[in-house]
Every structure is written in C-alpha cells, then in structure tokens.
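Hi,

Here's the structure I promised to pass on.

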Amino acid sequence: MKKLLGSLFAISIAATPALAEPHRYELDPEHTTIAFMVDHLGYADTLGVFLDFAGSFSYDMETQTLTDVEITVNTKSVESFNEARDNHVRNKDFLNVAEFPVMTFTASEGTPSSETAGTIEGELELLGQKHPLKLEVTLNKAANYPFGHSRFTLGISARGTVIRSQYGMNYAVDNGFVGDEVKLIIETEAMRME
C-alpha cells in the first residue's frame, strides 16, 4: 500500500508542470531542528541543538535531482540545556567557537533510493577540517503550506553520524567519558524560494 501511494505521489508530481523543474529551497528557521546526540559515560546520550543556522538547496521534484546543498551553523549557538556543559562544549576541548565560529555542510548531489528516500554525500567542515558526511534523507511531505507563507514546502528528515576524533576533537575519547560517535538529527520544513 505504501509503495502504491508513493508511486501515485510520484505520478501526480510529474503531472504538475509547475513542479517539473529545479527550484531553490531554504530551511524555515521556525520549523527546523538541527540536533545531535552523544554518549555520556555509557549511561545515556546527551541531547544538544544548534539554534542559529541557515541552509538552502536546489531540487527537481520530477527527476529527484538535488544540487547545491549548503547548511551553515553558528557553533556558538549550541544548547544542551546545561550552562556549565554548554560553556565546556564551546571551548577548545570541543567546538572551539572562538577560533571556528561556523561549521558548514555542503553537497553537490543526492542519490534517491525510492520516491521518498535517498542519501546525500557531502562534506562537513568543522574545526578547520573537511571530511565526508553522508546523510540518510526521507521526504515526509511535499505540498503548499496550508497557512502563513503558503509556499510550496518540503518536509524532510535527515540522519547522519560524525566521528569527532576525525576533526581532532579528541577530548574524553580514549577514556570513554564522551562518545566519539555523534548522531546528527535534522528535521526541517524547506520552503520554495520565490
């Protein structure tokens, strides 16, 4: 049933001339969450978010062609709901926000695996270094927004994993106090630009 609905969705989109071309989309800051989870001492994952960011990409609904992805995050905007921990995460042991105030994800293309899922393979620049980052992406919904800005909007969920020691962020890795693997969580409503 889900596959049938996906196929009908793809057919209906292809039959809509206004959507059969690439369009530029921007992340809606009021309806976007960029978050992470990292293990703490083996007891539980600590959740954090970034509150200041901007992002955009180009996407063709008919061909599922994705290009020109760029998401920029103000590292100082990190928030883990504990002031002392946030101050530590901002210092040289982790994000070193004084020297590296921005981290950026860029990608030139995506690879669809179905009508509503695929991967984006790009690069994350963090702490002055660039390393590959793959995001698993799901298209939840594509429709005109029912109120407010009324723009055509894509609802997207993306997940990825960053190995922080690759970027030289080695604090508490060897003793296992803080996990080396950081799980990325992106939930966004991306609005088509006029």
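Leaving aside its neighbours within four places in sequence, which residues is His131 in contact with? They are Gly122, Glu123, Leu124, Gln166 and Tyr167, where contact means heavy atoms within 4.5 Å.

Before the rest, some ground rules: this is a predicted model, with local features needing pLDDT of at least 70 and side-chain atom pairs counting only at pLDDT 80 or more, while totals for chains, interfaces and linings use all residues. Residues are numbered from 1 along each chain as its sequence is written, and side-chain values use heavy atoms, with hydrogens and water left out.

Back to His131: you'll find it in strand S9 (residues 129-144); strands are DSSP runs of E, at least two residues, and helices are runs of H or I, at least four, numbered from the N terminus. A polar atom of the His131 side chain sits 2.9 Å from the backbone oxygen of Gln166.

On to the strand pairing (at least two DSSP bridges between two strands). S4 (residues 65-74) and S6 (residues 102-107) are antiparallel, with six bridges, and Asn74 is opposite Val102 in S6. S6 also runs antiparallel to S8 (residues 117-126), joined by three bridges; there, Phe105 faces Leu124.

Last, the lining of the largest pocket. S1 contributes the most to it, six residues. By type, the lining splits into 26 nonpolar (Ala, Val, Leu, Ile, Met, Phe, Trp, Tyr, Cys, Pro), three charged (Asp, Glu, Lys, Arg) and five polar (the others, Gly among them).

Cheers

Definitions and conventions. Polar contact = N/O pair within 3.5 Å; in protein donor to acceptor, adjacent residues only side chain to side chain.
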